[in-house]
Amino acid sequence: MVAALAVEPGLRHRLEALGIKPGQSLKVLRRGWWSGPIHLQVGMTELMLRRIDAARIQVFSADPSRAAP
Amino acid sequence: MTHCLDSAGVVPVSGQAMVTVVGMPNTGKSTLFSQLTAAHAHIGNWPGLTVDLLQAELNLEGRRVQLVDLPGIYDLRGHSEDEAVVRRFLESTPVDLVVITLNASQIDRQLRLALQVRQLGLPALVLLNMADEARRFGVGIDLDELARRLELPVLLISAKYRQGLALARHAITKALAASPPGAGRMVLDLEAKLAAADDDLAAAMGPILQAAVTFPAQWRDALTRRLDRWLLHPLLGLPIFFLVMALMFQAIYALGVPMQQALSALIDHFSRFVLAPALASWPPFLSAFITDGLVLGIGTVSAFLPVIFLFFLAMGVVEDSGYLSRAAFLMDAFMERLGLDGRSFVLSLMGFGCNVPAILGTRVMRSSGLRLLSMLIIPFSLCSARLNVFLFMASVFFTPRQGALVIFGLYLLSFGAAILTALLFKGRFASEESLVLELPPYRLPTLPQIWGRAWAEVRHFWFWARRFILFGVVGIWLLNNLPFGVAPASAQSLSGQLGELLQPLLAPIGINPRLTVALVFGFIAKEIVLGGLAVIYGQTASSSALGHALASEVSWVQAVSFMLFTLLYTPCLSTVAVIRTESKRLGFTLFSVLWSLVLAWLVSFCFYQLAWLVGWR
Ligand SMILES: Nc1nc2c(ncn2[C@@H]2O[C@H](COP(=O)(O)OP(=O)(O)O)[C@@H](O)[C@H]2O)c(=O)[nH]1
C-alpha cells in the first residue's frame, strides 16, 4: 500500500496519473539487474520506475513477505 | 487539403469546426487519428507551440471539420513539455469539441483526465479505446451508466481493429450539430479552473468507477506475465534482447542493401543512357553539373528510402508489440549511468545499419534533453556505408587477419566514442523527467498499421531532407569542379586548394591534400568516398588499380588515421539534415557536427603522433 509520495510536484502528477497515490496498493513484479528499474503493477497498469524515484514512495506492507521498494 | 508538408499550418480554418483529440500516451490516439482521417494528415505549424501537431480535414456527413491530434498527456496540470503544449493550445485556440480518448482497460486511472476536461467546460465526448483488451482482461463497463454520471456521450471502440469507428464518427457529428459554426471557445483561466476542482476530482472518481465498471478479481493477462518471465529474465533477458536485435538488424540489411543497390543502379543507368545522350549538346560544364551533381544528389537521397522503410517496419513491430519498453527496462541500469535510457540504446544499435532512421526514431522519446543527447551519440554508430570504406582500406593495407582486427577495433571505438560523448554531455542535455514508463501488455502488430507508419516516415524524410541534401551535394560538386576547366577534384580545383589550405591542420594527423578532398566527399555520404578517391587518383577503371595507387602514396599509419577520422566525423549530409529537422535547432546541429570533427581530429592526432613516436611509419 502506498502511504505517501515524497516527490517533487512534476513527478507527483505523473505518478498519480499512472495510479500511484496514497491508499492504492501496488505489487512489485521484479527488479532489474545492476540496481536497474523496478517493475510494478498498480491497478490495471504495469510500469517501470527507477529506484531513486521508487525510493521516494513510502509504502507499508500488506504482505509481510514482501519488502518495501 | 494539400499534402504539402511544408506549407504553414492552416490554423484554424474559418467556417470549419475544430475538433481535438486528447488522451494519455499510448491510448491509441495516433491510431485513431489515422483511422479517422485515412492518413491525409499534415503537420501543422502552430504559432507559439514548439512541437508539430498533426492536423487533417475530416468530412463528417457533409460537414467539414478540422481534426487536431494533441500530444499524449497524463495530467492537464502536469509539468512536462507536452502537458504545457496542450494547455497553451486549449487557451489559445477556439475548440468546438474535445474527443477524450481513454484506454478502456485502464479506466481505473484514466478516467481522471476525462473529469479534468469536463472541468474546463468544453464540449466533449469520450471514446473508450482498446475494447478488445478490456474484454480480454475482464474489465466490464456499463456505458449508459458512465455516460449518465459523466454527462458526456461515451462510446466503446477499438481503433486498431476498426470497431465502432462509424459510430464514433456519427457521435462526433451529432455533438457538433449542437454547436453552430464559429461557436468554438478558448479556455480562460485554465489553471485556476483545474486547481479549484483538484480535490473533488479524486473524490468523484471512486463512485463513478464503482457504479459503472467491474474489474476482474485478479490479473487476467496471463500471456504477458508468461512472456515477461522469459523476456525480462534476470539472466536470459539480455541475451534474448541482443539476439532479437541481431536478427532484426540482419533482416533489415539483408533486404535493404540489395534494394539500395538496385535503386542506385537504376538511377545510374538513367543518368548514363537517358540523361547523358539528351544533354550531349549542352555545354560540358552544365551537363556534367546535371549528371554528376544533381543526379548524384537525388541518388544520395533516394538511396536511403528503402532502408528507412524497412527500419520503420521493424521498429513498428518492436514498438507495437510492447517489446521496446521491455528493452528499455533491460538496458536502463546501464544507460541511466550515461544519462540516457534503454530506448536510446535500441536506436544506437539500429544506427549501426544507418544513422538516419535511427535519428528519426528518437521521436519515441518525449523528453527533449534525452532526445538531443541520443541524437548526439547516434552518429558515432559505425554504419554500413562507413563499413564499406573500411573494408576496402583494410584490404589494401592489411592482411585479412590484421584487417579483421582493425575493423573490430573500429567497432570498439565507435561504442567508446558514443559512451564518452554521453558522459561528457549528459549534464548539458539532462533529461528533465524521471523515467516512468508504462509496460503495456504484449500486442500483435498488424501489417496495415506498421506499413502505414513506415510509409509516412519515408515521405517525411523525402520531403524534409531532399532540399538540404541537394544543396550540399551541389555545393560540393561545385567545389570539386570550379574554377572552370579544371580536372574534377584535382589540386587546382577549389576543393584541391582547400586541401592545401587545411594542411597545417591535417598534416599532423597524416591526412594529405588528396585524402582531404576524399573527406570532403565523405561529408556528403560515405557511400561516395571510394568513388571520390577514384576520381581524385584518376583510377576509375578498377578498385584494385585504386588500391595500388593509394598504397604507393599513403602509409598504413596514415590509412588508419584516415579510417579513424572517417569513423568519427559527420557521417553524412543526410544525418545532418535529419538532426536539423528533428531537433529544430540550428545551434545544436552545428554543435553536433563540430563536436564530431573535434573528436575525430583528437583521436586521429593521438594515434598518428603516437605511432610516429613509436616509430611506425
Ligand atoms: N489491442 C489494441 N491495441 C491498440 C488499439 N489502438 C491502438 N493500439 C495499440 O496501442 C499502441 C499505442 O497506440 P498509439 O496510437 O501509438 O498511441 P498514442 O501514444 O496514444 O498515439 C500501439 O501499439 C497500437 O497498435 C486497440 O484498439 N486495441
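Me: Helices (H or I, at least four residues) and strands (E, at least two) are DSSP runs, numbered from the N terminus. Which helix holds both Trp601(B) and Phe605(B)?
Reply: This is a predicted model, in which local features need pLDDT of at least 70 and side-chain atom pairs count only at pLDDT 80 or more, while totals for chains, interfaces and linings use all residues. Residues are numbered from 1 along each chain as its sequence is written, chains are lettered from A and ligands numbered from 1 in the order in which they are written, and side-chain values use heavy atoms, without hydrogens and water. Trp601(B) and Phe605(B) are four residues apart, about one turn of the helix, and the helix, residues 586-614 of chain B, is α26.

Me: How do the rings of Trp601(B) and Phe605(B) lie: stacked or edge-to-face?
Reply: Rings of Phe, Tyr and Trp (its six-membered ring) pair if their centres lie within 6.5 Å; planes under 30 degrees apart count as stacked, over 60 as edge-to-face and the rest as tilted. The whole structure has 19 aromatic pairs over all chains. In this one the centres are 4.8 Å apart and the planes at 15°, so Trp601(B) and Phe605(B) are stacked.

Me: How much area do chain B and chain A bury between them?
Reply: Contact (heavy atoms within 4.5 Å) joins 43 residues of chain B to 35 residues of chain A. Buried area is the accessible area (1.4 Å probe) that two parts lose on being put together, summed over both. With 59% of it on carbon and sulfur atoms, the figure is about 3,300 Å².

Me: Which three residues supply 20% of the area that chain B buries against chain A?
Reply: Their share is more than that of any other three residues. They are Trp219(B), Phe329(B) and Val436(B).

Me: Which residue of chain B forms a salt bridge with Glu46(A)?
Reply: A salt bridge is a side-chain nitrogen of Lys or Arg within 4 Å of a carboxyl oxygen of Asp or Glu, and the interface of chain B and chain A has three. One of them links Glu336(B) to Arg50(A), with the closest N and O atoms 3.9 Å apart. For Glu46(A) the closest N and O atoms are 3.0 Å apart. This pair runs from strand β4 of chain A to helix α8 of chain B, where the partner is Arg225(B).

Me: Which residue of β10(B) is the bridge partner of Met48(A)?
Reply: Strands pair if DSSP finds at least two bridges between them. Strand β4 (residues 45-49) of chain A and β10(B) have three, in the antiparallel sense. The partner of Met48(A) is Leu437(B).
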